Amino acid sequence: MTTVQITTPAGAADGTVELPAEIFDVTANVPLMHQVVVAQLAAARQGTHKTKTRGEVSGGGKKPYRQKGTGRARQGSTRAPQFNGGGVVHGPTVHGYAQRTPKKMKAAALRGALSDRARGGNVHVLSTLAIDGTPSTKTAMGALKAVSSAKNILVVLSAEDVSGWKSLRNVPEVHLITSGQLNTYDVLISDDVVFTRAALDEFVANASRGISVKVAVAIDAEVDAPAGRHAARDSDDEAGAITLTKASSSTEAASTEEDAK
């Protein structure tokens with residue numbers, strides 16, 4: 001586990017906190033993080049681009065000139081693509097850019113990004129951003145400068161931290177986000193990630209739910225028992241034990257003879 005010092009708004013030390021290794025000390029999967037970031041940026045696109053085809057442009061219902069005898073190419077409408085003011089051929093149409101990204105991929109990419117920042121010493125923890133619950137931009141900026149001098153800072157707040165949000169919402173070099181909205185893209189584009197103590201506890205509690213399930217499944221799978229598609233759980237045995245039942249050759253022969261009778 002990585003130990004991080006907790007800093008007060010006055011810049012003094014207020015103990016330490018250990019960052020869970022399963023969240024802040026995992027191997028960063030660069031291709032996975034790239035895929036998740038591309039999907040996130042693609043989902044942010046509106047996709048409202050549109051051009052009109054020759055059937056959508058107003059006018060052009062009358063044939064510009066007769067079919068034969070003019071020496072010119074035959075034309076049926078002045079809204080054809082080759083005319084000025086005509087429609088556009090194969091232009092952009094309205095469509096979405098969203099890509100399917102499973103939750104497990106997003107969570108793994110976020111853990112990799114946070115681990116990369118933690119290994120570089122770019123994860124910091126503040127006890128709070130406001131003194132006595134009073135919003136103060138001066139106090140909040142003083143607390144941030146005590147732990148980071150980076151140009152772009154990502155500050156993670158708890159959902160109930162209204163005073164902290166009001167303190168930093170107008171600072172251009174600070175990007176505010178709640179613990180439930182933390183994502184890979186915002187972590188990677190920021191130089192430093194600063195958690196409040198409440199936001200860190202909230203994020204770790206929510207992120208550890210899926211991890212605890214995975215660990216429980218892994219422990220259950222380590223039980224020394226036969227495996228395979230015919231394996232079945234015996235209700236009389238202990239929880240987690242797996243038994244494999246298969247009829248012997250003599251039993252199968254006896255059952256076959258009884259069926260024949």
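## Overview of the chain

Of the 261 residues of the protein chain, 31% count as buried. The model is predicted. Its secondary structure comprises 8 helices and 6 strands, and along the sequence these elements follow the pattern β-β-α-α-α-β-α-β-α-β-α-β-α-α. Among the contacts in the chain with a separation of 6 or more, 64% are accounted for by residues 24 or more positions apart.

## The sheet

The 6 strands form an open sheet with mixed pairing, in the order β2-β1-β3-β6-β4-β5. Its edges are β2 (13–19) and β5 (174–178), each of which pairs on one side only. On average, and with direction ignored, neighbouring strands of this sheet are turned by 30° against each other.

Strands β1 and β2 run antiparallel and are joined by 5 bridges; within this pair, T7 stands opposite A13 in β2. The two strands form a hairpin with 5 residues between them, and G11 in the turn has a positive phi of about 95°. Strand β1 also pairs with β3, here in the parallel sense and over 2 bridges. T7 takes part on this side too, with L126 as its bridge partner in β3.

## Strand β3 and its surroundings

Strand β3 (residues 123–126) pairs with strand β6 (residues 192–196) in the parallel sense over 4 bridges.

Helix α3 lies across β2, β3 and β6 and runs at about 85° to β3. Helix α4 (residues 137–147) packs on the sheet, where it touches β1 (2–7), β3, β4 (153–157), β5 and β6; the direction of α4 makes about 140° with that of β3.

## Packing of helices α2 and α3

The axes of helix α2 (residues 30–43) and helix α3 (residues 103–119) come within 9 Å and cross at roughly 115°. The crossing in which α2 passes α3 is left-handed.

On the α2 side, the contact is made by L32, M33, Q35 and V36, which meet M105, K106, A108, A109, G112 and A113 in α3. Classified by residue type, this contact has 7 nonpolar, 2 polar and 1 charged residues.

In soluble globular proteins, nonpolar side chains tend to be buried together. In this model, the largest nonpolar core has 27 residues, and those with the most contacts inside it are F24, L114, L182, F195 and F203. Helix α3 gives the most to this core, with 5 residues.

The surroundings of F24 can be listed individually. Not counting residues up to four places away in sequence, F24 touches L19, L114, S115, A118, V123, F195, L200, F203 and V204. Two of these partners, L114 and F195, are also named among the core residues with the most contacts. Apart from this core lies another, of 15 residues, among them A143, L144, V174 and V194.

G60 is found in the loop between α2 and α3. With a relative accessibility of 18%, G60 counts as buried, because the limit for that class is under 20%. When residues up to four places away in sequence are not counted, G60 touches G76, S77, T78 and R79. The C-alpha atoms of G60 and A80 are separated by 8.3 Å, although these residues are 20 residues apart along the chain.

Notes:
Residues numbered from 1 in each chain as written. Predicted model: local features only at pLDDT ≥ 70, side-chain atom pairs only at ≥ 80, totals over all residues. Heavy atoms only, no water. Axes fitted to C-alpha atoms, helices over the stretch in contact; angles between N-to-C directions. Left-handed = near helix turned anticlockwise from the far one by under 90°. Contact = heavy atoms within 4.5 Å. Nonpolar A, V, L, I, M, F, W, Y, C, P; charged D, E, K, R; others polar. Pairing = 2+ DSSP bridges. Buried < 20%, exposed > 50% of the residue type's maximum accessible area, 1.4 Å probe, protein only. Core = buried A, V, L, I, M, F, W, Y, C linked by side-chain atoms within 4.5 Å.
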